[in-house]
Amino acid sequence: MSTLAVLAYHKVGPPGPAAWETWYYVPEQVFADQIATLSACGWDVIEISELRAALAGSSRLPERAALITFDDGYRSVYQHALPVLTRLGCPALLFVPTDFVGGTNEFDSDVEPPEQMCHWAELRELSRSGVAVQSHGKTHRAFSDLSAAELRQEVAASKAALEARLEGAVDILAYPYGDDADGADDVRAALAESGYRAAFGYGGGPFELAGADPYRLARIAMGPDTDLPAELSAAE
């Protein structure tokens, strides 16, 4: 029996010049310690190819598998998280809302401080360095607020833009704000139509991938004070 724990980060390192600290900023050393905790607790960090194979049923995950993910595409992932991942030899996934590549986080500027997002060149380097860049929609709008036509545009256009610029398959999505519209049929239809294998939200700890709803996979929201050993112990 394989158990999968999916960690979800946003920002790693200190706030930028125009920003202030919020819970979503995880100091670089804390991030490194959290990633090291996975190995210390007996969890094997997997890459996107292993996830795809397990979703397809062509291979099994390690008994305790962990997936490291980042939402939004903040430049701090390139600046502060990538060196840690490289040093520890860990792959990861980065979910990017394509309309904001090279810009700032205008989509949540009412609640979070302004930060630079990765440019395409940085996304390409991340991709070459073991961080698979996947979809976070096009405009980072909550899926509950979208019509069926808008949902199709969000998932199809973001996939097309990422595949054209980064020349790699895009078939995994993370819902903006973790909002999967309660698993609505319109969401499932849009994802399936565009060829997505799986989609991640929040709201859960480790789970068995076999038998799980591939379009409603849970992640652990990670902040500087997250008790990761306690979260992982839920699998025992």
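Which residues of helix H4 (residues 120–128) are buried? In this predicted model, the buried positions of H4 are Trp120, Glu122, Leu123 and Leu126. Viewed down the axis of H4, these buried residues fall within an arc of 160°, so they line one face of the helix. An α-helix has 3.6 residues a turn, so residues three or four places apart point the same way. Just after H4, Gly130 adopts a positive phi of about 100°.

The loop between E6 and H4 contains Glu115. Glu115 is buried but forms no salt bridge; Lys11, the nearest side chain of opposite charge, is 5.7 Å away. A polar atom of the Glu115 side chain does, however, lie 2.7 Å from the backbone nitrogen of Gly16. When residues up to four places away in sequence are not counted, Glu115 touches Pro15, Gly16, Ala19, Tyr25, Tyr74, Gly103, Thr104 and Asn105.

The cysteines were examined next. With a disulfide taken as a pair of cysteine sulfur atoms within 2.5 Å, the count comes to 0 disulfides. The sulfur of Cys90 is 13 Å from the closest cysteine sulfur, that of Cys41, which is too far for a bond. Cys118 is likewise in no disulfide, the nearest cysteine sulfur, in Cys90, being 19 Å away. Cys90 counts as buried because its relative accessibility is 13%, under the cut-off of 20%. Cys118 also counts as buried, at 1% relative accessibility.

Definitions and conventions. Residues are numbered from 1 along each chain as its sequence is written. This is a predicted model: local features need pLDDT of at least 70, side-chain atom pairs count only at pLDDT 80 or more; totals for chains, interfaces and linings use all residues. Side-chain values use heavy atoms; hydrogens and water are left out. Buried means under 20% relative accessible area, exposed over 50%, partly exposed in between (1.4 Å probe, protein chains only). Helices (H or I, at least four residues) and strands (E, at least two) are DSSP runs, numbered from the N terminus. The arc is that of the directions from the helix axis to the C-beta atoms. Lys and Arg count as positive and Asp and Glu as negative; His and the chain ends are not counted. A salt bridge is a side-chain nitrogen of Lys or Arg within 4 Å of a carboxyl oxygen of Asp or Glu. A polar contact is a pair of N or O atoms within 3.5 Å; within protein, one must be able to donate a hydrogen and the other to accept it, and residues adjacent in sequence count only if both atoms are side-chain atoms. Contact means heavy atoms within 4.5 Å.
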